[in-house]
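Hello,

Here is the structure I promised to pass on. Please open it first, then read my notes below.

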Amino acid sequence: MQKLRDNRKSRVDELVTDILSTNKPTRKFLPHPLTEDSLYQTISGYTNDVQVQNFLESGCAVCGLLTTKSCLHKLHTVAFDRNLLVPDTPITRVERRCASDHILSQPGSVLLPHCNDICVECMDNLQTGKLPADSLANGLWIGEVPSELQGLSWTENMLISRVKHNYCIVKVHLSGMSKMKANVVSHSLPMAKVYQALPPTREELSKVLAFMYIGPNVPTQKEFQRTPLLVRRNKVAMALEWLKLNHADYADLEILYKNLSEYPPLVVVNFTQSMGSNKDPESTAVNDDEEDEGTE
Ligand SMILES: [Zn+2]
């Protein structure tokens, strides 16, 4: 023990000699207070960085991406060849309301509607005579999202997509009949499924979507209304009809109203009885004293 102590002491002595022997200039422990100049620079640098235009974002009319206002310029003040934004082949479409309407493309430059700004990146590209890779005119135009395609539930989105890449398993926990928690697990399909006719039959859908319901009782209509698995038949029919009229990839689609009428308001459910809490004990925080997770 004594030997160990001696060894340690000699090591400390060595270190102290090392430090003392280095010829570093001695530094005063307390640094000098800030000069008025550096104080002014620090404060004005900070106030410039927190200006509201460094945080506010707005869209770029050329690429449609959200950009901070400090990096945007007014489109009409920037000089470049406007013809760069006019595509050689039509890539836009005027919305059709019925099958007898002609397919027309929007005339002129492809720009984001109601937007008058351009981002620095698009401006630099256009001023050197190049079409920006992210620009809407470079085949990325999709148009405004119509009301028919807004607010679709997760299952409704699955019913209208022509290509399915994944198997999905949805697990909904409900305990005490008060709170609900849902998890979705997706696995990629070995080969993507492409549908010539939509919506798929219920059996077809059950091959790519499984729904497990875990709770103390068999789920009732009230619980179903809160899940992301509702199917509103008229909403799906309207979305498919709109896509067939307006989306080039849906033009040859067959809409199977018979399949749609087979769907109940909710897709097939496997029910498992459970009285416990819906919380995962391994991922619960120490200060988490709620009985269950989820929405009331
Ligand atoms: Zn842009």
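The zinc ion has four protein donors: Cys-60 (SG), Cys-63 (SG), Cys-119 (SG) and Cys-122 (SG). They lie 2.2 to 2.3 Å from the ion. Please keep in mind that this is a predicted model. The site is tetrahedral, with angles of 100 to 122° among its four donor atoms. For reference, the ideal angle for four tetrahedral donors is 109.5 degrees. Along the chain, the donor residues follow the spacing C-x2-C-x55-C-x2-C. Cys-60 sits in the loop between strand S1 (57-59) and strand S2 (66-68), while Cys-122 belongs to helix H3 (residues 120-127), so this pair ties together parts 62 residues apart in sequence. Both Cys-60 and Cys-122 are buried.

Next, the cores. The largest nonpolar core has 30 residues. Ile-160, Val-172, Leu-209, Val-236 and Leu-240 touch the most other members. Two or more residues each come from helix H4 (154-160), strand S5 (163-175), strand S6 (179-194), helix H5 (202-208), strand S8 (209-215) and helix H7 (233-246). H7 gives the largest share, six residues. There is also a second, separate core of 19 residues. Among its members are Ala-61, Leu-72, Leu-75 and Cys-122.

What does Ile-160 touch, leaving aside neighbours within four places in sequence? Its contacts are Leu-149, Leu-152, Leu-198, Val-236, Ala-239, Leu-240, Leu-243 and Tyr-250.

The buried residues of H7 are Lys-235, Val-236, Ala-237, Ala-239, Leu-240, Trp-242, Leu-243, Leu-245 and Asn-246. Their cover includes H4, strand S7 (197-198), strand S9 (254-255) and helix H8 (257-262).

Now set H2 beside that. Helix H2 (residues 36-49) also has 14 residues. From first C-alpha to last it reaches 20 Å, close to the 20 Å expected at 1.5 Å a residue. How many of its residues are buried? The number is zero, so H2 lies largely in the open.

Val-52 comes in the loop between H2 and S1. With 53% relative accessibility, Val-52 counts as exposed, because the cut-off for exposed is over 50%.

Glu-156 is in helix H4. Is Glu-156 buried or exposed? At 0% relative accessibility, Glu-156 counts as buried. A polar atom of its side chain lies 2.7 Å from the backbone nitrogen of Ser-153. Not counting residues up to four places away in sequence, Glu-156 touches Gly-151, Leu-230, Val-231, Arg-232, Lys-235 and Val-236. Of these contacts, Lys-235 and Val-236 are buried residues of H7.

Lys-181 is in strand S6. Its relative accessible area is 18%, so Lys-181 is buried: the cut-off is under 20%. Lys-181 and Lys-171 are 10 residues apart along the chain, and their C-alpha atoms are separated by 8.2 Å.

Best wishes

How values were computed. Residues numbered from 1 in each chain as written. Predicted model: local features only at pLDDT ≥ 70, side-chain atom pairs only at ≥ 80, totals over all residues. Heavy atoms only, no water. Core = buried A, V, L, I, M, F, W, Y, C linked by side-chain atoms within 4.5 Å. Buried < 20%, exposed > 50% of the residue type's maximum accessible area, 1.4 Å probe, protein only. Helix = DSSP H or I, 4+ residues; strand = E, 2+ residues; numbered from the N terminus. Contact = heavy atoms within 4.5 Å. Donors = N, O, S within 2.8 Å, 3.2 Å for Na, K, Ca; no water. Tetrahedral: all angles 85-135°; square planar, octahedral: opposite > 155°, others 65-115°. Polar contact = N/O pair within 3.5 Å; in protein donor to acceptor, adjacent residues only side chain to side chain. Expected span 1.5 Å × (residues − 1).
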